[in-house]
Amino acid sequence: MGKTVFAAELVRRFNEDRKGTVIAVVFFKFNDSSSQDPALLLKSIVYQIVQAFPSIAIDFLNVLNHKSETSIEGIFDEYLMMALNLVASKMPTTKHLIVLDALDECGLQDSMDRKSLLMLFQNKFRELPGGVKLFVTGRLEKDIEAALHDTAHTIGEDDLRHLKDLEDYIHFSVKEFFERVTNNKLIAGVVPYDASTKATMIKQAADLICDKSERKFIYTAVVVHQMYDWFVKNKKDFNWANFQSMLETLPQGLDGCYQKTFDKLLETSSTVNMTNSFNQHAHAFLLLMVGCREALSEGSVKDLLGLQLDEDLTIIKNSTGTVFPLIQMNGMSKFIPYHKSIVDWLTDKRKNYFGKEKANYFMVEKLLQFIGITSNFKEFTIAISRCNSLSANIYHIVNRLDLDIATIQMGPTLFYAIRHLPHHLNSCSQDSQLGLVTYYLMTNLTWLQWSLEAIGLAGVLESYSKLLQNNKWLPEPFRNELTKDIKLMLQFFKLLVPTTNPWRREICTQISARLAKIAVASKRSKWSRIGLLLEEATAFLKAYGGWSFTASNTLEAPGGMLEMTLVGHTTGVQCVCALGDGRVASGADDGSIKIWNTETGQCDLTLSGHKRWVSSLCVLGDRLVSGSMDNTASTVKIWNIESKSGKCELTFTEGRHTGGVKSLCPIGNDRVACVYCYEIIKIFNISTGSGQLVPWQGSCLCILRDIRFAMTASRNILKIWNMETDECVRELNDHTNWITSLCCLEDGRVISGCNDDTIKIWNTDTGECELNIICQSNLRTLCSLRDGSLVSGFWDNTIKIWNTNTGKCIQTISGGHTSLVSSFCVVGYGRFASGSMDKTIKIWHTETVNSTRNEHTITITACCVLANGSMMASGSCDCTIKIWNTENGHCERTLTGHTETVNCLCVLEDGRVVSGSYDET
């Protein structure tokens with residue numbers, strides 16, 4: 001409320017000073033579900049904009065009549081952005097403000113409503129036109145700060161400076177209290193005071209409340225309500241004496257308000273009285289409210305407290321309604337704290353009410369009772385206490401647990417358990433019994449099915465990832481072994497893609513197909529959790545007609561090359577690009593660009609701006625560059641990705657004579673070379689916003705290790721250009737057909753792929769073709785990996801990995817994609833991503849391809865440790881020198897140059913390596 005008063009005053013002054021216009025104000029209230037609905041929020045803002053600017057109403061309605069968007073993204077893109085662009089066109093020099101008041105009250109911190117709302121701000125509100133700003137009030141909590149980042153101006157609770165705002169609010173509230181009391185027929189003895197006396201009484205009450213409020217606005221709202229109740233519930237006459245007596249009962253500060261409220265509720269001043277059923281229910285109810293991670297419905301409270309009678313729930317509602325009122329949210333009645341500070345106060349250890357840890361344990365106990373897992377929990381607990389090693393067969397003990405499926409009903413309580421029980425259990429990390437319950441659930445077939453149906457594949461991946469980040473919830477004697485199973489399940493889920501099929505049959509098919517080999521290879525017995533999963537899945541499939549799975553779901557086993565499939569594009573993927581933070585960007589035929597988290601498989605951000613297919617992506621410093629043929633123009637867009645703004649900062653446009661953007665190539669941190677389809681090349685400088693045509697032409701381009709030089713491919717001819725002088729310094733003519741792709745190896749060599757079914761590796765210093773690889777299939781794209789190997793994609797949907805020293809194919813991947821492979825990018829050491837016209841991106845890791853592919857091909861003749869101690873160099877009869885990482889065993893670089901055996905190595909003081917060879921150099 002303090003934030004709201006402050007914001008209202010700021011908005012008033014903003015308008016009066018004519019510094020701009022406030023085009024929309026949204027007020028969030030903790031117990032108002034309508035303010036937490038993303039679609040309603042957007043519609044409210046759009047309506048307010050149109051109301052504030054009648055001049056755009058006609059234009060807006062004309063366009064609106066031809067649109068029928070109902071999705072959140074559709075409402076934002078087609079309605080809100082259209083309205084804002086109309087405003088900007090009418091008033092191009094005016095600043096416009098959208099106020100989000102008390103944003104910290106947009107729901108419980110872990111609730112799905114709050115997450116979806118903040119996801120909207122994070123993904124879409126970064127695209128607002130330049131003249132439109134967000135102004136946010138409220139506590140800048142971590143999730144809000146992450147969502148808004150630098151897109152909004154904020155005022156937190158600590159920014160309240162002016163006591164006058166508080167005094168005005170208190171005076172208004174007390175005056176309103178007087179009007180309510182004097183007009184209430186339940187208060188019979190109302191003394192009619194004259195205006196002067198009434199003003200004195202109001203001032204006295206206001207001064208006292210201001211003194212006791214400790215500058216908390218919420219205090220005023222609470223005590224005014226208590227003042228009113230004092231006269232109504234105590235049936236007191238409203239006169240001067242009673243008024244004075246009432247003022248004496250006002251508590252000191254918000255702490256005193258809550259102390260008085262809860263002492264009265266629990267009928268004690270220090271400890272909880274458990275002598276009657278009402279107090280037991282009230283105590284349990286408050287523990288639920290403190291421990292829950294999102295708002296609980298009436299039915300869920302009744303389920304978890306085991307209330308048999310509706311009357312018991314009614315008594316709880318009536319007695320706790322002032323602090324936890326029942327509010328309609330998404331068509332369901334849910335208990336919501338009157339104010340966020342109530343939960344903070346109850347969990348304050350100094351109050352001796354409910355610690356967060358105690359409330360969390362209570363939630364675990366009630367949720368386990370609900371899913372029926374405690375029916376044999378005592379036997380399980382005794383067995384665990386006697387077991388201190390794997391020799392006691394922990395699997396036999398865990399298998400004593402059982403979900404009582406027959407008694408569980410699908411509904412809000414089960415959905416809450418699925419979303420949050422693992423996290424409640426994980427918070428009880430010191431309790432080994434509860435840790436094993438978590439393990440049991442995460443390897444239980446029924447629980448897996450429920451989880452996929454309730455929170456989706458992305459939610460399941462997030463849940464397993466969080467549990468693996470800190471495995472202390474597993475008891476020490478079994479931690480390493482059981483962590484392997486959880487990790488295996490995470491790998492398993494990463495291989496899945498969302499499906500419209502019923503999850504029970506799909507998941508059983510996936511388990512049966514993928515985990516069978518793993519169980520055999522790891523020698524897990526049929527009594528292990530993985531073994532039981534297989535047994536249950538196989539039994540289900542036999543009973544219900546065999547395998548059934550989504551076509552885009554391959555049936556590879558976890559632990560192979562395929563790590564994850566990213567699904568979300570509705571059209572073919574044309575290009576992929578690795579960002580510096582480990583995420584991957586992808587561009588598709590529909591003009592969209594998506595940013596993916598390669599650990600969870602979730603799409604973090606969707607960038608909209610291109611009208612047709614995105615043909616190329618590259619990273620330029622801290623920005624993402626995209627190229628497309630948008631309608632009649634070729635466009636290159638620069639996106640800010642470091643600040644997670646997802647906002648297009650700059651657009652370069654060329655006419656249709658260029659044929660559209662074919663590829664992009666970064667030059668340093670501020671220039672990008674754009675190759676157009678008609679072999680025109682232009683270099684854009686994002687610092688100056690200018691572009692320059694260059695005389696060198698080609699359909700492919702790569703910048704060499706010496707960034708003064710570039711290589712182009714035109715038809716079947718390769719040319720090396722000095723970019724400073726625009727001179728062609730070398731021409732390579734050995735291909736017999738069109739060259740389709742170029743890429744550079746870390747050792748400076750260049751690889752070219754051609755429609756003559758060859759891949760050639762060139763020494764750019766000598767111009768010689770060092771290696772000619774026959775690939776026997778139409779090549780589509782190439783990418784060099786960090787270990788020195790080469791990955792190639794073909795029109796027949798296959799992927800091949802090549803040893804660039806020997807020219808041998810060391811791995812062929814068939815069946816990974818169901819359509820042609822369009823592009824690759826490197827995602828860290830040993831990982832790469834592939835994009836395909838089958839609308840998916842797949843993440844692969846190459847550690848299992850061939851553990852010796854980085855080794856020398858012939859005898860090692862010399863080695864030495866480098867100056868930093870973490871690297872070493874080796875020389876070989878294969879004429880190469882390799883630099884190795886001694887910590888992980890990876891080959892970091894392969895050095896070429898000798899033509900005979902490298903027979904000696906040494907390290908200079910400055911860290912350089914000296915090599916000697918039989919080639920007399």
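The lining of the largest cavity comprises five nonpolar, seven polar and nine charged residues. In this classification Ala, Val, Leu, Ile, Met, Phe, Trp, Tyr, Cys and Pro are nonpolar, Asp, Glu, Lys and Arg are charged, and the others, Gly among them, are polar. The model is predicted: local features need pLDDT of at least 70 and side-chain atom pairs pLDDT 80 or more, while totals for chains, interfaces and linings use all residues. Residues are numbered from 1 along each chain as its sequence is written, and side-chain values use heavy atoms, without hydrogens and water.

A cavity is a set of points, on a 1 Å grid over the protein atoms alone, where a 1.4 Å probe fits but cannot get out; lining residues have an atom within 4 Å of a point. Volume is the space filled by probe spheres set on the points, which are joined across faces, edges and corners. The whole structure holds four cavities of 30 Å³ or more.

| Cavity | Volume |
|---|---|
| Largest cavity | about 190 Å³ |
| Second largest cavity | about 50 Å³ |

Of the 21 residues lining the largest cavity, D787, G788, S789, T804 and T894 lie nearest its centre. Strand β39 (residues 891-895) gives the most to this lining, with four residues. Strands (E, at least two residues) and helices (H or I, at least four) are DSSP runs numbered from the N terminus.

The second largest cavity is lined by residues including I418, M442, W447 and Y464. Two or more lining residues come from each of α19 (412-427) and α21 (445-469); α21 gives the largest share, six residues. By class, this lining has seven nonpolar, two polar and no charged residues.

Definitions and conventions: On a 1 Å grid over the protein atoms alone, a cavity is a set of points where a 1.4 Å probe fits but cannot get out, and a pocket is an open set with protein on both sides within 12 Å along at least five of seven lines; lining residues have an atom within 4 Å of a point.
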